[in-house]
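Subject: Structure handover

Hello,

Here is the structure I said I would pass on. Please open it alongside this message; my notes follow below.

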Amino acid sequence: MSLGAPYLLLSLLAVPLAIVLWRLAERRRMRYAVRYTNVEVLAGVAGGRRWRRYLPGALFLVALATLCVGLARPHVRTLVPTDNATVVLVLDVSGSMQANDVKPTRLGAAERAINLFLDRVPSRLKVGLILFAGEADVATPPTTDHELVRQAVADVGAYQGFGGTAIGDALATAVQLGLKSAGLKGNGSLAALRTVAPSPTPASSLVSILFLSDGHQTRGTLQPLQGAARAKTAGIPVYTVALGTMNGRITNFPGAITGGFSIPGYGGGGGFRASSLFGLQPDPKTLRAIATMTGGEFFRADSAGKVKAAYSKLGSSVGRKPGRVEVTGWFLFGAAILLVLAGVLSTRWAPKLP
């Protein structure tokens, strides 16, 4: 903890002064007791537990000390919202996201977790959304209108396709979008991002990418670690979430139970299992490598609860930076509570004169 006006701590001298005045008042009360001849009546008035005489006074002294510290404008170090910060959400919407090993489906669990994330982040944080399968599309550019992002998440079914999983291209698109939002370098095409030069202003404190996928890369121009290299070069941390288990099944498409349908790139047959289908298996190794390379964090989510926990944690941290926050109000509030409590106890326990 630090102080904005440390010289005001001199006001703490009021505490020993109050103790001296208290002791003087106690001596005066003792002299009165000596002059008072009816000892039995005096004993009845002053009866009760001895500690009750001192507790209200002790609470008053603590309240006084708390108030004096509050006057010195205390600050604590914590995470504070970063001005002009941007988070780019990247969501895999390939056909495998309809697997029901994460309830209600992988995609449904991801949608709920993103809404929880939007509840947690600062209101002035810019949030963008990229949806990808075989290609990456910008659903919403970075904006402080979080309701617009929620609506795009609610309409995510309109973007869904079975064209594979292009992790590397999605990462490169997110880097480009984030740098553009922060006003840094990186407004070129996907091809230009292959050889993008380091940004003169690191984006790590301004831009973050939150990337969720449930499968291996099956399509795209860039490989996953090539896309991660673009983020590393730009100084953008990528937080990755590997969604799903090895036992995923897709049963909610027409013909999924009885057969008779086929997903390009996945083979055919109804109710198939991830253990026999490469496209439905999560790829935690690659996603962990992406997070490690870029300075982000990796999360393994094999249940809806774990997906929410990951997004909840990130919603409380991304878009913020270490800073100082003044907590004078908390000290003043605590002092007021202690003063009220001291007054109530003093009134309740004060002996009544006959």
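Angles here are taken between N-to-C directions and run from 0 to 180 degrees. With that in mind, helix α9 (residues 304-315) lies across β6, β7 (238-243) and β10, and runs at about 155° to β10. Angles over 145 degrees count as roughly antiparallel.

Before the rest, a word on confidence. This is a predicted model. The protein has an average pLDDT of 76, and 70% of the residues score at least 70. Two stretches need care. Over residues 187-204 the pLDDT stays under 50, and the model has 33 contacts beyond four places in sequence for them. Residues 253-278 also stay under 50, with 51 contacts beyond four places in sequence. Where pLDDT is low, the predicted coordinates should not be read in detail.

The sheet

Six strands form an open sheet in the order β5-β4-β3-β6-β7-β10, and the pairing is mixed. The edges are β5 (136-143) and β10 (298-301); each has a single partner strand, so one side of each is left without a neighbour in the sheet. On average, neighbouring strands are turned by 15° against each other, direction ignored. Within the sheet, strand β3 (residues 86-92) pairs with strand β6 (residues 207-213) in the parallel sense, over six bridges. L89 stands opposite L210 in β6.

The helix contacts

Helix α6 (residues 167-181) packs on α7 at an angle of about 20°, with the axes 6 Å apart. That makes α6 roughly parallel to α7, and their crossing is left-handed. From α6 the contact uses I167, G168, L171, V175 and L179; from α7 it uses P224, G227, A228, R230, A231 and A234. These residues divide into eight nonpolar, two polar and one charged.

Helix α7 (residues 224-234) also meets helix α8 (residues 284-294): their axes come within 9 Å and cross at roughly 20°. α7 is therefore roughly parallel to α8, but here the crossing is right-handed. On the α7 side the contact is made by P224, L225, A228, A229, A231 and K232, and on the α8 side by T286, A289, I290, M293 and T294. This contact, too, divides into eight nonpolar, two polar and one charged residue.

Regards

How values were computed:
Residues numbered from 1 in each chain as written. Predicted model: local features only at pLDDT ≥ 70, side-chain atom pairs only at ≥ 80, totals over all residues. Heavy atoms only, no water. pLDDT = per-residue confidence, 0-100. Contact = heavy atoms within 4.5 Å. Helix = DSSP H or I, 4+ residues; strand = E, 2+ residues; numbered from the N terminus. Parallel < 35°, antiparallel > 145°, perpendicular 65-115°, else oblique. Left-handed = near helix turned anticlockwise from the far one by under 90°. Nonpolar A, V, L, I, M, F, W, Y, C, P; charged D, E, K, R; others polar. Pairing = 2+ DSSP bridges.
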